[in-house]
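Reader: I'd like to go through the charged pairs and then a bit of the strand pairing. Can you show me the structure?

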Amino acid sequence: MATFSAGTSTFDHTEFSTYSSTMINKKNVTMVVKDSATAIQYTASEIMSGGIFRTGNSSEVQDSLPSASEIRTEMAARSGIAANSLPVSTSFDFTIYNNGGDSINLVNSTGLTIYGRTIVTSGRSTKIRVVLSNNFGLVRCEAYVLYGNR
């Protein structure tokens with residue numbers, strides 16, 4: 001079971017490996033703290049950190065995820081592989097912890113498809129796997145599928 005608070009927390013985090021198509025498990029991930037009473041737009045860098053600690057929302061908010069293009073650019077930068085050469089099925093996981101007073105509804109952006117749980121209730125978390133489902137880099141038709149806990 002994960003323990004979490006603002007800053008470094010111990011929880012399982014899975015990061016992509018483009019070279020071996022395997023997942024890399026990490027612990028003691030430093031979570032990104034997002035404190036706002038209103039909706040937030042997450043960046044690709046924030047979700048790829050592995051953990052987001054969300055606070056400040058006393059009423060339901062609709063937080064937006066980054067676009068497929070933004071995620072692909074960040075994956076390329078972190079892996080050292082050209083964006084249009086990232087293998088299909090490359091993936092990573094991230095967790096959103098909701099320490100606010102009400103629910104977070106995750107809203108997708110251009111090029112994303114979300115399956116499963118998109119609402120994170122107060123005091124709960126959800127783990128999301130992000131998978132590159134197609135990569136036509138030069139045509140700019142990249143797409144990611146996000147799978148939330150059910």
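Author: A salt bridge here is a side-chain nitrogen of Lys or Arg within 4 Å of a carboxyl oxygen of Asp or Glu. Note that this is a predicted model.

Reader: Fine. How many salt bridges does the structure hold?

Author: Five. One of them is between Asp63 and Arg54, with the closest N and O atoms 2.7 Å apart.

Reader: Are Asp63 and Arg54 buried or exposed?

Author: Both Asp63 and Arg54 are buried.

Reader: Which side chain meets Lys127 in a salt bridge?

Author: Asp93, at 4.0 Å from N to O. That pair links distant parts of the chain, with Asp93 in strand 8 (residues 91-98) and Lys127 in strand 12 (residues 125-134), 34 residues apart.

Reader: And what about Arg129?

Author: The side chain of Arg129 also meets Asp93 in a salt bridge, at 2.7 Å from N to O. Shared partners join Asp93, Lys127 and Arg129 into one network.

Reader: Why does Asp93 count as buried?

Author: Because its relative accessible area is 3%, and buried means under 20%. Lys127, at 25%, is partly exposed, and so is Arg129, at 35%.

Reader: Which pairing is parallel, and which antiparallel?

Author: Strand 7 and strand 9 (residues 104-107) pair in the parallel sense over four bridges; Gln62 stands opposite Asn105 there. Strands 9 and 11 are antiparallel over two bridges, and Ile104 has Val120 as its bridge partner in strand 11.

How values were computed. Residues numbered from 1 in each chain as written. Predicted model: local features only at pLDDT ≥ 70, side-chain atom pairs only at ≥ 80, totals over all residues. Heavy atoms only, no water. Pairing = 2+ DSSP bridges. Buried < 20%, exposed > 50% of the residue type's maximum accessible area, 1.4 Å probe, protein only.
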